[in-house]
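This report goes through one structure part by part. Please look over the sequence and the 3D view before reading on.

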Protein chains: 2
Amino acid sequence: MNFTTRQVEIIEASKYLIGKKGIQNLTIKNLAKKMSFSEPAIYRHFKDKTEILKALLLFHREIIKSEIIKILDSEKPSLVKIQEIFKFKFKHIEKNPAFVMIIFSETSFQYCSVLSSIVSKIMEQRSKKIIDLLKEGQKNNEIRNDVEAEQLATIIMGGIRKTILSWKLEGFKSDLNLEGEKLWITIQKLIKK
Amino acid sequence: MNFTTRQVEIIEASKYLIGKKGIQNLTIKNLAKKMSFSEPAIYRHFKDKTEILKALLLFHREIIKSEIIKILDSEKPSLVKIQEIFKFKFKHIEKNPAFVMIIFSETSFQYCSVLSSIVSKIMEQRSKKIIDLLKEGQKNNEIRNDVEAEQLATIIMGGIRKTILSWKLEGFKSDLNLEGEKLWITIQKLIKK
DNA sequence: AAAAAGTTAGTAAACACTAACTATATTTGA
DNA sequence: TCAAATATAGTTAGTGTTTACTAACTTTTT
């Protein structure tokens with residue numbers, strides 16, 4: 001976990017490349033160009049490409065971790081701590097667009113604008129439908145209206161995505177439908193009047 | 001949008017390949033092998049690889065769309081409609097794992113188990129910290145305790161991810177921090193006692 | 001003197017895709 | 001009606017490009 005200055009430079013260059021055009025923009029060729037030296041020189045500092053990505057992830061995990069520990073160790077109410085973590089996450093992402101590219105797969109289509117615009121359009125249409133439904137529900141006094149329908153939709157769709165993602169990362173082992181039902185029970189309690 | 005039987009067969013084979021090992025497993029070579037014919041034969045049915053992915057997305061969008069319209073057109077309360085869309089999404093994903101691979105980027109690392117396990121570990125640790133905080137808040141009577149902390153964490157982290165993703169898909173135009181604040185106001189209202 | 005960090009030139013593999021040919025249906029016209 | 005013409009769907013063999021990575025040599029720093 002101790003990196004040389006050159007290694008940190010390479011990590012930063014990798015971050016730049018990924019942030020610009022996504023994971024598939026991180027090639028040894030591009031990296032060498034960005035570092036203004038030849039391709040084989042990269043291999044004097046990292047065994048292979050995987051090690052670079054590994055370093056990138058671990059290097060930043062440490063930064064984020066220390067920031068979160070600072071928040072957790074303070075003497076504030078839990079809700080305030082959560083809020084501060086919340087704020088930190090958004091600030092960090094804005095400063096490090098590379099992580100958006102790493103975290104979101106639509107990046108896979110980044111190289112192909114036709115496909116990425118299809119995905120983005122589909123998502124937008126889905127959002128719109130959910131928002132309309134929520135507004136309807138607010139009108140009919142089924143759903144609380146002290147909160148914006150747009151934000152509720154974000155929470156609902158985000159919750160679904162997060163549940164599916166966890167299921168995937170755990171190797172598809174848990175019962176997805178059961179997890180979905182548990183999530184729904186909570187969402188229902190939170191949003192209904 | 002009218003596909004020949006062979007085209008549908010190729011779409012299904014593509015879905016199978018992506019579902020098994022992610023987007024990067026969809027190569028013409030693998031597709032030809034799965035179809036048990038030669039690589040150039042693929043090009044008799046699709047102009048290029050992008051067209052195959054495009055067809056895959058559009059083909060399934062129609063299926064999902066018609067299902068959602070059925071739900072929307074029924075005479076039920078909005079909350080029930082939302083619940084039904086909710087259930088349908090989870091059922092559909094479970095039946096079509098290819099879409100999980102397409103939708104989530106961690107897929108980008110799928111080929112490299114070292115990296116994907118790092119990402120998954122980082123996410124798990126983050127979840128755990130948020131859940132602990134929420135439980136603490138529930139104990140201290142800051143946060144409502146008629147809902148499980150795990151589900152609240154899912155909603156919070158999911159909401160964050162969804163907000164960031166929308167920001168990305170819109171081309172990083174909106175003010176991310178502002179969106180984050182709006183989301184927080186809603187989440188706070190929903191979870192505090 | 002030797003270790004560290006760079007160079008040029010190149011390899012092998014994977015990739016999407018093509019040219020040119022062949023077998024098999026389908027359509028057409030006397 | 002049935003052979004010739006044509007369209008469809010497959011084949012083998014190969015191209016050019018991009019990829020991560022290496023061998024062997026040189027320069028720079030310690």
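Helices here are DSSP runs of H or I with at least four residues, strands are runs of E with at least two, and both are numbered from the N terminus.

The model is predicted, with local features needing pLDDT of at least 70, side-chain atom pairs counted only at pLDDT 80 or more, and totals for chains, interfaces and linings taken over all residues; side-chain values use heavy atoms, without hydrogens and water. Residues are numbered from 1 along each chain as its sequence is written, while chains are lettered from A and ligands numbered from 1 in the order in which they are written.

## Chain A as a whole

Chain A has nine helices and zero strands. Read from the N terminus, its elements run α-α-α-α-α-α-α-α-α.

The C-alpha trace of chain A spans about 65 × 50 × 30 Å along its principal axes. Its radius of gyration is 21 Å, whereas a compact globule of 193 residues would have a value near 16 Å. This radius is taken over C-alpha atoms, and the globule rule is 2.2 Å times the number of residues to the power 0.38.

Of the 193 residues in chain A, 52% are buried. Buried means under 20% relative accessible area, exposed means over 50%, and partly exposed lies in between, with a 1.4 Å probe and protein chains only. Among the contacts in chain A with a separation of 6 or more, 50% join residues 24 or more positions apart; a contact means heavy atoms within 4.5 Å.

## Helix α1 of chain A

How far apart are the end C-alpha atoms of helix α1 of chain A? They are 25 Å apart, which agrees with the 24 Å that the 17 residues (5-21) should span at 1.5 Å a residue. The expected span is 1.5 Å times one less than the number of residues.

The buried residues of α1(A) are A:Q7, A:I10, A:I11, A:A13, A:S14, A:K15, A:L17, A:I18 and A:G19. An α-helix has 3.6 residues a turn, so residues three or four places apart point the same way. The cover over the buried residues of α1(A) includes α2 (28-35), α4 (49-73) and α6 (97-103) of chain A.

B:S14 sits in helix α1 (residues 5-21) of chain B. Is B:S14 buried or exposed? Its relative accessible area is 0%, so B:S14 is buried. Its side chain reaches the backbone oxygen of B:I10 at 2.8 Å. Apart from neighbours within four places in sequence, B:S14 is in contact with B:L26, B:L31 and B:I52.

B:Q188 belongs to helix α9 (residues 176-191) of chain B and, at 25% relative accessibility, counts as partly exposed. B:Q188 and B:I156 are 32 residues apart in sequence, and their C-alpha atoms are 9.9 Å apart in space.

## Helix α5 of chain B

Helix α5 (residues 78-95) of chain B has 18 residues, and the 26 Å from its first C-alpha to its last is close to the 26 Å expected at 1.5 Å a residue. Its buried residues include B:L79, B:I82, B:I85, B:F86 and B:F88.

Which elements cover the buried residues of α5(B)? The cover includes α4 (49-73) and α6 (97-103) of chain B, together with α7 (113-139), α8 (149-169) and α9 (176-191) of chain A.

## DNA strand C

Around DNA strand C there are 16 residues, of which A:R6, A:S38, A:R44, A:H45 and B:K49 come nearest. Of the atoms of DNA strand C within 4 Å of the protein, 46% belong to sugar and phosphate. A residue is near a strand if one of its heavy atoms lies within 4 Å of it.

A polar side-chain atom of B:E39 lies 3.4 Å from a base nitrogen of DNA strand C. The elements giving two or more residues to the surface near DNA strand C are α3 (39-42) of chain A and α3 (39-42) of chain B.

## DNA strand D

DNA strand D is surrounded by 16 residues, and the closest are A:K49, B:R6, B:S38, B:R44 and B:H45. A polar side-chain atom of A:E39 lies 3.4 Å from a base nitrogen of DNA strand D. Phosphate oxygens of DNA strand D lie 2.8 Å from a polar side-chain atom of A:K49 and 2.6 Å from a side-chain N or O atom of B:R6.

Note on methods. A polar contact is a pair of N or O atoms within 3.5 Å; within protein, one must be able to donate a hydrogen and the other to accept it, and residues adjacent in sequence count only if both atoms are side-chain atoms.
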